[in-house]
Amino acid sequence: MVCDTAQLLHDTMQAGKRVLFEGAQGSMLDVDHGTYPFVTSSSATAGGACTGAGIPPTQIHGVVGVSKAYTTRVGSGPFPTELDGEEGERIRQAGNEYGAVTGRPRRCGWFDVPLLRYTAMINGFTSLVITKLDVLDEFDEIPVCTGYRGTKAMPATFRELEAVEPVYENLPGWRSPTRGLTRYQDLPPRARDYLKFLSARTGVEIGCISTGPERDETILIEGSRLLDLL
């Protein structure tokens, strides 16, 4: 209601300036590609930047996916790796997993590789940002869902996704504080192994890691494609 934003963005890019679009909601809440009907009303994937802002797809030069070191979901809908017991509550408390507006507790679970591979496919991730690594500091063992038994593709309906049986690989925890670390080499070896495992299994590089909620509690990975976008 302030101006023709499509024209504003076009003029800005024509002048050689860079534009950053930030998506709201998660990819699995996308009205077309998410767990319908447990979705939002708009395009929450990278394509939504084009349809919502009025810019052509050819102007998108990189897509950065943002994922926690585990998985969360607010509200109803399928959640294959959800933890209902003590471990889920430990993650919720350590990660302060409550809705920013409603205060509603988020559902928590282990990292879901098939889900990330699917969202990487529909968004075309250039690089990944892994957040809240420090939330997992106190776990002796960290399971990672590496597949769904009996299927290689993401189920097409929410009922099929509700019925999948996750297959886990257990990785050793690092049992050492990572909160506030800003250099990759300072991370515990097992934390680095965990990140390398996620990158290898999802097929997407990790270009940035957050080790706490503050702006300076961030690690940028040298040589990553993410740095080329900054």
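This is a predicted model: local features need pLDDT of at least 70, side-chain atom pairs count only at pLDDT 80 or more; totals for chains, interfaces and linings use all residues.

How many helices and strands does the protein have? I found seven helices and eight strands, taken as DSSP runs numbered from the N terminus (helices H or I, at least four residues; strands E, at least two). The radius of gyration, over C-alpha atoms, is 18 Å, close to the 17 Å of the globule rule for 230 residues, so the protein is as compact as a globular protein of that length. That rule is 2.2 Å times the number of residues to the power 0.38.

Residues are numbered from 1 along each chain as its sequence is written, and side-chain values use heavy atoms, without hydrogens and water.

Then I turned to the backbone. Most residues other than glycine have a negative phi, and most peptide bonds are trans. I noted a cis peptide bond between Tyr36 and Pro37, with omega about 10°; Pro37 sits in the loop between α1 (5-14) and α2 (48-53).

Asn96 has a positive phi, near 50°, and lies in the loop between α3 (86-95) and β3 (107-109). Is Asn96 buried or exposed? Asn96 counts as exposed (over 50%) because its relative accessibility is 54%.

Arg175 also has a positive phi, about 45°, in the loop between β6 (166-172) and α6 (189-202). At 46% relative accessibility, I logged Arg175 as partly exposed, between the two cut-offs.

Definitions and conventions
Buried means under 20% relative accessible area, exposed over 50%, partly exposed in between (1.4 Å probe, protein chains only).
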